[in-house]
Amino acid sequence: NLLVNLGAMESKTHNLTDLGNRLALLSMEPRVGKMVIWSYLLGCSRSSASAGVAMSYKSPFILPPNNMKKVANGSRVALSRRSESDQITILHSLRAFETAERK
């Protein structure tokens, strides 16, 4: 039913549509895959691909040891840039990592 609703499968024949064939090539949840495909078509693929990958895996934020919790929470708040969205925070984290890696 999900694939039909996404337009990835024909409801009567259960054949994959062109979108469904593209989604089958991606190793991510179909809704996230459709988001990544549309973001490419709309010209915002870099951010969306990063967010899509981040949404497909467990959170990179782990529980730090007790003596580091305050610093870790402060870092997470700084990376969030006042967003309450975990996905946006992860996106900012990935960009900060890329920037640090280039240095």
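I began with H92: leaving aside neighbours within four places in sequence, H92 is in contact with L79, S80 and R81, contact meaning heavy atoms within 4.5 Å.

A note on what I am reading: this is a predicted model, where local features need pLDDT of at least 70, side-chain atom pairs count only at pLDDT 80 or more, and totals for chains, interfaces and linings use all residues. Residues are numbered from 1 along each chain as its sequence is written, and side-chain values use heavy atoms, with hydrogens and water left out.

Next I looked up where H92 sits, and found this residue in helix α6, residues 86-102 (a helix is a DSSP run of H or I, at least four residues, numbered from the N terminus). Is H92 buried or exposed? H92 counts as buried because its relative accessibility is 12% (buried is under 20% relative accessible area, exposed over 50%, partly exposed in between, with a 1.4 Å probe and protein chains only).

I then checked side chains: those of H92 and R81 make a polar contact at 3.1 Å (a pair of N or O atoms within 3.5 Å; within protein, one must be able to donate a hydrogen and the other to accept it, and residues adjacent in sequence count only if both atoms are side-chain atoms).

R81 is exposed, at 59% relative accessibility, and its phi is positive, near 50°, though R81 is a residue other than glycine.

My last stop was R82, also placed in the loop between α5 and α6. I noted a positive phi of about 70° for this non-glycine R82, and an exposed state at 83% relative accessibility.

Technical notes
Helices (H or I, at least four residues) and strands (E, at least two) are DSSP runs, numbered from the N terminus.
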